[in-house]
Protein chains: 6
Amino acid sequence: MKPTPHPQPELTPLLAFGAHPDDIEFACGGVVAKETRAGRRVHFVVCSHGEAGTRGTPEVRGEESHRAAEILGATIEFLPLDGDARLEVRAAHAIALAGVVRRVRPGIVLAPSLVENQHPDHPRLGRLVRDAARLARYGGVAEIRSLAPHAVGQIFYYAVTPDAEPTDLPPVLVDVSDPEILGAWTAAMEAHASQIAARNYVELQLTRAGLHGLRAGVDRAIPLFPNDPIVLESLAPAGRGARAF
Amino acid sequence: MKPTPHPQPELTPLLAFGAHPDDIEFACGGVVAKETRAGRRVHFVVCSHGEAGTRGTPEVRGEESHRAAEILGATIEFLPLDGDARLEVRAAHAIALAGVVRRVRPGIVLAPSLVENQHPDHPRLGRLVRDAARLARYGGVAEIRSLAPHAVGQIFYYAVTPDAEPTDLPPVLVDVSDPEILGAWTAAMEAHASQIAARNYVELQLTRAGLHGLRAGVDRAIPLFPNDPIVLESLAPAGRGARAF
Amino acid sequence: MKPTPHPQPELTPLLAFGAHPDDIEFACGGVVAKETRAGRRVHFVVCSHGEAGTRGTPEVRGEESHRAAEILGATIEFLPLDGDARLEVRAAHAIALAGVVRRVRPGIVLAPSLVENQHPDHPRLGRLVRDAARLARYGGVAEIRSLAPHAVGQIFYYAVTPDAEPTDLPPVLVDVSDPEILGAWTAAMEAHASQIAARNYVELQLTRAGLHGLRAGVDRAIPLFPNDPIVLESLAPAGRGARAF
Amino acid sequence: MKPTPHPQPELTPLLAFGAHPDDIEFACGGVVAKETRAGRRVHFVVCSHGEAGTRGTPEVRGEESHRAAEILGATIEFLPLDGDARLEVRAAHAIALAGVVRRVRPGIVLAPSLVENQHPDHPRLGRLVRDAARLARYGGVAEIRSLAPHAVGQIFYYAVTPDAEPTDLPPVLVDVSDPEILGAWTAAMEAHASQIAARNYVELQLTRAGLHGLRAGVDRAIPLFPNDPIVLESLAPAGRGARAF
Amino acid sequence: MKPTPHPQPELTPLLAFGAHPDDIEFACGGVVAKETRAGRRVHFVVCSHGEAGTRGTPEVRGEESHRAAEILGATIEFLPLDGDARLEVRAAHAIALAGVVRRVRPGIVLAPSLVENQHPDHPRLGRLVRDAARLARYGGVAEIRSLAPHAVGQIFYYAVTPDAEPTDLPPVLVDVSDPEILGAWTAAMEAHASQIAARNYVELQLTRAGLHGLRAGVDRAIPLFPNDPIVLESLAPAGRGARAF
Amino acid sequence: MKPTPHPQPELTPLLAFGAHPDDIEFACGGVVAKETRAGRRVHFVVCSHGEAGTRGTPEVRGEESHRAAEILGATIEFLPLDGDARLEVRAAHAIALAGVVRRVRPGIVLAPSLVENQHPDHPRLGRLVRDAARLARYGGVAEIRSLAPHAVGQIFYYAVTPDAEPTDLPPVLVDVSDPEILGAWTAAMEAHASQIAARNYVELQLTRAGLHGLRAGVDRAIPLFPNDPIVLESLAPAGRGARAF
């Protein structure tokens, strides 16, 4: 998929954080494809090299990640913190991520959900990102004082697996049925060849999107979970609800 | 406030149900004013004459309601069910309300929240409306077969008091800070003169909207609670979050 | 699928209640097939003729239901209460269902989940069944005194759609991957030909079972939600958990 | 209580983690007794010497623990982490516990519940064990690469006190009414003589088991809380529910 | 136990509603004894004759109830609604109970908890009482206009069994350890001789109070669940917390 | 406001912890004023100098804090832990705070709420205080063994903003309508002149107290959230409920 030729410059950037090289792509690559295609700049920050996984060296996984980001129209950087399967909730990490927020100055931020019963790095990164978005607004944090404070518009949490979907928060469901979007998402997942050799994660995600699509009355949909209440100027944008079948 | 001279015909109607003559106005009159001003048709259906209240005869309250609806740019009808303070969750009521849904054919429906610890008519009407929106889709319901099935886009619940706001669902917050909107809302509440003689309900609502406004970064905001996940074509409309101060 | 030739007589009957002619089959037909195949007697009680649906006459739907029950190895009876889309929570209904419980004397009961935001008949029947299981134990209820009191072992709730799955209760996941079981389930769903003409409900259920299967480490699984804590003689039967991917 | 003479070799080991020398015994010693008696190997890992408690030296508490484990038919080791009342959620701890999981290779793991308002070491150890069970499956974690990955079947949380029982998760209730089991449990609690001098913890546990027993229709029962949905081949093992009196 | 000779006239009455002849006594007889002993007037309203139970005729149960109320120092009346095991949530019932509230004019009201998975009459009566307390404040309800409106101070829900205790609301725990209070409570339960022949309900309640007492640092305590936030003039009365062991 | 001339010596001290120099005052200064006026000793422990905020130097903020504490009649000390916006949940911090608890020996402790989606220091300090209150009871914690163990009566959580109010716990509402109390609270907030220059935090708090006051039937009320169930000798102190309008 090529980014649209005429990106709309007024769109704020989207900044997506991932704990491992393939998390963003599997959880919500279709949403990323849709946003870049609409002209939004998207940047990935990956916080480990996935070195604790059963398969794939850091080098291979880095290459896969760059390829996947390119397919989705996003830029990417690696910002290792404590290492894969070792992430801890440290104030210094939150401040480092707040520095990234100030540098990229996103309107929208994506982060892994806070649901605990999954890979322990995921909810910890989600909490660090939530804290970072707040610290980015405070003027007196010494390490990042050289960058101007920045307030993000909204954090959306993504779920890498169905069990990571919060059950106490309703999602927004993003329609990703467009064949071009679906194709880009699928290609981005398949770019992580080292990870999909053994288990069919691609099928998991497409099945899951199919089930959410059935709720939303479309072919495929991806759920994202807003961190804060949505502020609206009118009811129109929220006027289409997933009908609960 | 005058309705805008050139309503946009593509806007679907908004259908608001109230258990008592002043519920819609106090809970979310500002949202109604905003939608009618944007050219949306709004229709109120009031399901009792408020005859169990301490003050105001049915006649007086009917007049107040018509005046308030006019101020907000809405049409209004009364559809008494079991009577004020006597509403029960009966299948026949849900079917009757489904008939109204088929007649008005709204995209958006407003109803009182399902929170139980308040006036008992409120959550019961909320449940009836939720059921009605579903029955309106089923082709075989005998009483309403003469009207074509209709699927609403979204139900939003409103809260007549702070304690009626669900705590297990995040709201959307609608900005009603525009002085013209605020003025229309205030005038519509004050139209219910029989009700505001004894307790300052107007102040309650404006104070409450002020507190939600502080969350949303605006002067005043009204919370509404979507019944079903919001389906989006892009993240842009949901990209502004109430920042939790 | 034929019922196994030598049913084990010590297995207590399973009694499944449905609000509409196809609810049991779509929600958990695979579990029924598995239980009858293991020699358990299963009886369906369907509490309306589905006459409010968009498609299918009561006669057609009755024939479809008998065919589906036969495929699954179950017996079936119809016990209309208030009519489709008209069910109310009445004490008389609970007593009538308690009479059925006393007559069939099941160890296990299946009923629709109590989740509210779905077809209104579903949670209401769920509540009636839960109440019926309790009334069946009380000796002094006049209408059913001719039948000996009976205490069921466990009520499991089923979900007709994904949105009807309770989010505040963990399910048990029943493995239905065996091709013979899957085949019987699919055939039972397809027996409801009048219902699957317009929307692909069969695909919905198989997709959903596939997603639960991925959680459980099997091909397909169906979630059921126990009403009461499970009492165990040893940890062994509960020693296999769905791994949250 | 003597372990049964002919343990069934096919039973997978049970691995129980405790934050302090007496936690496992008080919370669920009866379950342990039942499992060892049924031939299951049980191993205790105690993560402090209880040195912050008001009573008992580490030496005395160690002796009491070995005696209690012996009574229950379990083996025991001490694996101090940060020290009593000092436990923190560190990635290094989770990896160390994952190493124990790989060494013991349990089917079932017991850990303290995640409920927060209790001794702070308890929920932290629970979280570490949950993380450890996941890390034990990942092939690339350097410190434990010499041990083959291992996937546990189920984690059950135990509650040391009534207030540590999760209220958002239903328990499984294990019947421990058998006098021999009850006797072994009581003896194992009483082996912690230094702890029961001042407050009647034994009475607390037996009273609590009596109340759960009343729910379960037996004399005494112990609640355990599964971390993941239970996967079943048939409904039979879950067919006995605690009847809510 | 004799009521104290000099009741303090400034104490507002306590009005307790029960669905069956023994519910109030088993659930919270100790609290009643404590309040009457402190000089508060207590009145019981029992909404069925318990005729659906397995044991005891209405006549016998009426006599037992009068005896139990006398032991606790309370007055009692019977107000049958739909009959035992037949109670429905009808507006007419709520209005009838609101009439009782206006007649007795209590500061404190006791009602069964709203937890659903128990005898169906219990949560229904709880909901009716909650509604009644609200309707008692409205001036326009025709049937009860002859009695002056009345606003109760607080509704407390009681739980007849442990499973009826709400898990989403913290209780207040009332110390009932005083031997005289415990004796009166026990005698009031034993007055229901027809009910305690078969199952040891008295032991259930005393065991349960013992477990709550262990939480509260006293011998026995009874939990009650306030319907609305407690309004305080100072923190002193709330300064003693159950310590979670 | 002057403290009352004759403090009642039998009142136990109140110990309030704040993460930043103005948190206690903004969240619940009115409650503090009321308690000191009633003769209770109040001591503030502030765990950072607020140096990460956008406005105000540590020196200025320290002076503001001392002035505010004086206005409220409280003493104050600073106990910096990891620094503003850097607080982590460390066992050493909990032990340090437990040492303060043993020194001050309060009956009542105030701490920021555990709600996560706010300034990250707030819920972390809340958790540390909760742990500290527990560690203060344990005899064997080496660092604080020189101070006698102490058990606090109750921890109340305060909310610095509306979004920090727990939604899963009911508050107690403290009436602060007395003009002298309101005046002292307002003056204490205004003492933090460096913080209120840019945003109207004082209006936020008074608006919020006004809304809670409307619930409670008074002019202004402040919500506090008890950590543990309240233990009562009688229902009288809890007999006034916020009426949910």
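**First stop: a strand pair across two chains**

Select Val172(A) and then Ile230(B): Ile230(B), in strand E8 of chain B, is the bridge partner of Val172(A). (Two strands pair if DSSP finds at least two bridges between them; strands are DSSP runs of E with at least two residues, helices are runs of H or I with at least four, and both are numbered from the N terminus.)

A word on what you're looking at: this is a predicted model, where local features need pLDDT of at least 70 and side-chain atom pairs count only at pLDDT 80 or more, while totals for chains, interfaces and linings use all residues. Residues are numbered from 1 along each chain as its sequence is written, chains are lettered from A and ligands numbered from 1 in the order in which they are written, and side-chain values use heavy atoms, with hydrogens and water left out.

**Second stop: the rest of the A–B contact**

Show chains A and B whole. How many residues does each chain bring to the contact? Chain A gives 44 residues and chain B gives 44 residues, where contact means heavy atoms within 4.5 Å. About 3800 Å² is buried between them, and carbon and sulfur atoms give 55% of that. (Buried area is the accessible area, taken with a 1.4 Å probe, that two parts lose on being put together, summed over both.) Pick out Val231(A), Leu235(A) and Arg243(A): in chain A these lose the most area to chain B, together 20% of what that side buries.

Next, select Glu233(A) and Arg240(B). They form a salt bridge, with the closest N and O atoms 3.6 Å apart. (That takes a side-chain nitrogen of Lys or Arg within 4 Å of a carboxyl oxygen of Asp or Glu.) Across this interface there are 4 salt bridges.

Colour chain A by element, and you'll find that those giving two or more residues to the side touching chain B include helix H1 (23-37), helix H6 (201-216) and strand E6 (172-175). The largest share, 4 residues, comes from E6(A). By class, that side of chain A has 26 nonpolar, 6 polar and 12 charged residues. (Ala, Val, Leu, Ile, Met, Phe, Trp, Tyr, Cys and Pro count as nonpolar, Asp, Glu, Lys and Arg as charged, and the others, Gly among them, as polar.)

Turn chain A by 180° with a shift of 0.0 Å along the axis, and it can be laid on chain B with an RMSD of 0.0 Å. The two copies are thus related as by a two-fold rotation axis. (Copies are superposed by least squares on the C-alpha atoms of residues with pLDDT of at least 70 in both.) Also, 100% of the interface residues of chain A are interface residues in chain B too, so the copies meet through the same surface.

The buried area is about 1700 Å², with 71% from carbon and sulfur atoms. Zoom in on Arg215(A) and Asp163(C), whose side chains meet in a salt bridge (2.9 Å, N to O).
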